[in-house]
Amino acid sequence: LKIVNFSNIPSDYMDPERWLALSRTVSDLLKDPQLVGVVITHGTDTLEETAYFLDLTLQTSKPVVCIGAQRNASAKDTDGPRNLINAVRQILSTKSVNTGVTVTMNHHIIAAREARKAHTSNVQTFVPGNYGYLGYVDEERVVYFGRPLRRQVLNLPKELPRVDLVSMYAGADGRFIRHAVESGTKGIVVAALGMGNVNPDVYEAIRYALDQGVQVVISTRVYQGRVLPTYSFKGGGATLKALGAVFADDLTAWKARILLMLTLPLTQDSMELQTYFDR
């Protein structure tokens, strides 16, 4: 076992600069042929974002397991030690090769792309949505039910462009989108309603952003399902698609933001950006 103290902060303080540095650190560690994988201990508040960023940027067949704890370390039934033991068991299993980055909590293995925190305090907080768990860490072995099918690996840029996230809500007037554009953002992710719909004011703000050369990605506030350009009222998904907005498939807004940060250095073309979100 090799211990590296990369950082010691609440996960609420995690940011893109630390993601870049962490990805480089893990990548360098995995070059050691004696290391079969890496366990990352991380607060649960932004764990799914860090895991997805690493899954998109680490070019390795070795497993990387992200873990956290829902119960305080001073609690009699804290879940931290058990999650740590399970992560090591998972990495030592030869079946874990080519599984990418996973979030492994409370014995369940979840692909980084699909992992979502679903409860503020329950130890069974991370869930995979419609995709299902990849596997389960038992006392004497690791059992896999499937493999992560929606993975892509992108080159790690020297720096990440600023991308803002704006939520749609009843009565939104689009001013946060306009402010993001005017203050220098390079991209905006909109957590829209339903299958990817907004009201007329937000529609006009999105048009303004696109006219200024700022890429806009449409995600949804809804827990499961894809965004689709279906409705044709002003602000409906079909009208946003016609403006040139990119649709985030079933990625959460915060994960869509990560993917946009990594793909904007590669292209400014909305049709090409769409191909990354469709993978």
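**A side chain and its surroundings**

Mentor: Let's begin at the backbone oxygen of G68, which lies 2.9 Å from a polar atom of the N83 side chain. Such a polar contact is a pair of N or O atoms within 3.5 Å; within protein, one must be able to donate a hydrogen and the other to accept it, and residues adjacent in sequence count only if both atoms are side-chain atoms. Please keep in mind that this is a predicted model, where local features need pLDDT of at least 70 and side-chain atom pairs count only at pLDDT 80 or more, while totals for chains, interfaces and linings use all residues. Residues are numbered from 1 along each chain as its sequence is written, and side-chain values use heavy atoms, with hydrogens and water left out.

The N83 side chain also reaches the backbone nitrogen of N106, at 3.0 Å. N83 itself sits in helix α3, residues 80-92; helices (H or I, at least four residues) and strands (E, at least two) are DSSP runs, numbered from the N terminus. With a relative accessible area of 3%, N83 is buried. Here buried means under 20% relative accessible area, exposed over 50%, and partly exposed in between, using a 1.4 Å probe and protein chains only. Leaving aside neighbours within four places in sequence, N83 is in contact (heavy atoms within 4.5 Å) with I67, G68, A69, M105 and N106.

Strand β3 (residues 101-105) pairs with β4 in the antiparallel sense over 4 bridges; two strands pair if DSSP finds at least two bridges between them. T102 has A111 of β4 as its bridge partner.

Strand β4 (residues 108-111) is covered on both faces, with H108 and I110 buried on one side and I109 and A111 buried on the other. β4 is also joined by 2 bridges to strand β7 (residues 135-137), which runs antiparallel to it. There, H108 has Y136 as its bridge partner.

Stepping back, these strands belong to an open sheet of 6 strands with mixed pairing, in the order β1-β2-β3-β4-β7-β8. Its edge strands, β1 (38-41) and β8 (142-144), each pair on one side only. Neighbouring strands here are turned by 25° against each other on average, direction ignored. Helix α1 (residues 16-30) packs on this sheet, touching β1 and β2 (64-67), and its direction makes about 150° with that of β1. Axes are lines fitted to C-alpha atoms, for helices over the stretch in contact, and angles run from 0 to 180 degrees between N-to-C directions.

Helix α2 (residues 47-57) is worth a glance too: 11 of its 11 residues are buried, so it is largely enclosed by the rest of the structure. Among them are E48, E49 and D55.

Strand β11 (residues 215-220) is joined to β12 by 2 bridges, and the two run parallel; V217 stands opposite V246 of β12.

Helix α4 (residues 175-182) packs against α5 at an angle of about 15°, with the axes 8 Å apart. The contact includes I177 and V181 of α4 and V202 and I206 of α5.

Finally, Q268 lies in the loop between α7 (253-263) and α8 (270-278) and is partly exposed, at 49% relative accessibility. A polar atom of the Q268 side chain is 3.0 Å from the backbone oxygen of L264. Q268 and Q215 are 53 residues apart in sequence, with their C-alpha atoms 7.5 Å apart in space.
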